Amino acid sequence: MSMVTERHAEELAQGAQALGVELSAEQRQRLLGYLALLIKWNKAYNLTAVRNPDEMVSRHLLDSLSVVPFVAKLGDSWLDVGSGGGMPGVPLAILFPDKRFTLLDSNGKKTRFLTQVKLELGLANLEVVHSRVEEFQPETPFAGICSRAFSSLEDFSNWTRHLGNGDTHWLAMKGVQPDDELQALPADFRLQSCDVLKVPGCQGQRHLLILRRSV
């Protein structure tokens, strides 16, 4: 049975260091505990297209940690839209115990998995919501809304417009820079910045697009 190995732990430690992300011993253990749950549940629940555990450290954990410097500077309440197997929401919740993370997905199997992750890792700052994004009505706007390979920028903006305001930052994690998607942005959204993410062990381009909304 493929589970977390010493090599995975070493890859995580070196990758985080390369990203400039400091991990405490407890954070390292929780990230590896999350990886173990992901490997275990993925067999039955098809949480992620990445089937090989040896690819999961770079493509899931380190990819999620690559946005840590951006999230660190922004607000305290975050929504991870279409969270799926919990990326980037779970790793970010582990890294920022003082920020609140809501992980939303319309797939019941995935939200059951995320609820199990919350319980087993003791993540008190994480909330799991089983809902379609268009139907989700939180009490207050989120400071940050992030998505990873969730949808086009146009759909991401339109579907989550009601969840933020003029102070909210929308973070879209993408592969190649999506110039065609930027052309289709709704009129009330603008691109604030586009940053290249260098993810250790990841082939191909990674970009983070930060969007703002004019109210």
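A word on the ground rules: it is a predicted model, where local features need pLDDT of at least 70, side-chain atom pairs count only at pLDDT 80 or more, and totals for chains, interfaces and linings use all residues. Residues are numbered from 1 along each chain as its sequence is written, and side-chain values use heavy atoms, leaving out hydrogens and water.

Let's start with the sheet. Helices (H or I, at least four residues) and strands (E, at least two) are DSSP runs, numbered from the N terminus, and two strands count as paired if DSSP finds at least two bridges between them. Seven strands make an open, mixed sheet in the order 3-2-1-4-5-7-6. At its edges sit strand 3 (126-130) and strand 6 (189-196), each pairing on one side only. On average, neighbouring strands are turned by 20 degrees against each other, direction ignored; the axes here are lines fitted to C-alpha atoms, for helices over the stretch in contact, and angles run from 0 to 180 degrees between N-to-C directions.

Now some pairs. Strand 1 (residues 77-81) runs parallel to strand 4 (residues 144-148) over three bridges, with Leu 79 opposite Ile 145. Strand 2 (residues 100-105) and strand 3 are also parallel, over five bridges, and there Leu 104 faces Val 129.

What lies across strand 1, strand 4, strand 5, strand 6 and strand 7? That is helix 7 (residues 153-160), which runs at about 150 degrees to strand 5 (169-174).

Two backbone spots are worth a look. The peptide bond from Met 87 to Pro 88 is cis, with omega near 5 degrees, and Pro 88 belongs to the loop between strand 1 and helix 5 (89-95). Asn 46, in the loop between helix 2 (25-45) and helix 3 (53-65), has a positive phi of about 50 degrees although it is not a glycine.

Finally, the cores. A nonpolar core is a set of buried Ala, Val, Leu, Ile, Met, Phe, Trp, Tyr and Cys residues joined through side-chain atoms within 4.5 Å, where buried means under 20% relative accessible area (1.4 Å probe, protein chains only). The largest has 49 residues, and Phe 113 is one of those touching the most other members. Helix 2 gives the most to this core, with eight residues. Apart from it lies another core of 18 residues, including Leu 104 and Ile 145, the two residues I mentioned in the strand pairs.

Terms used: Contact = heavy atoms within 4.5 Å. Buried < 20%, exposed > 50% of the residue type's maximum accessible area, 1.4 Å probe, protein only.
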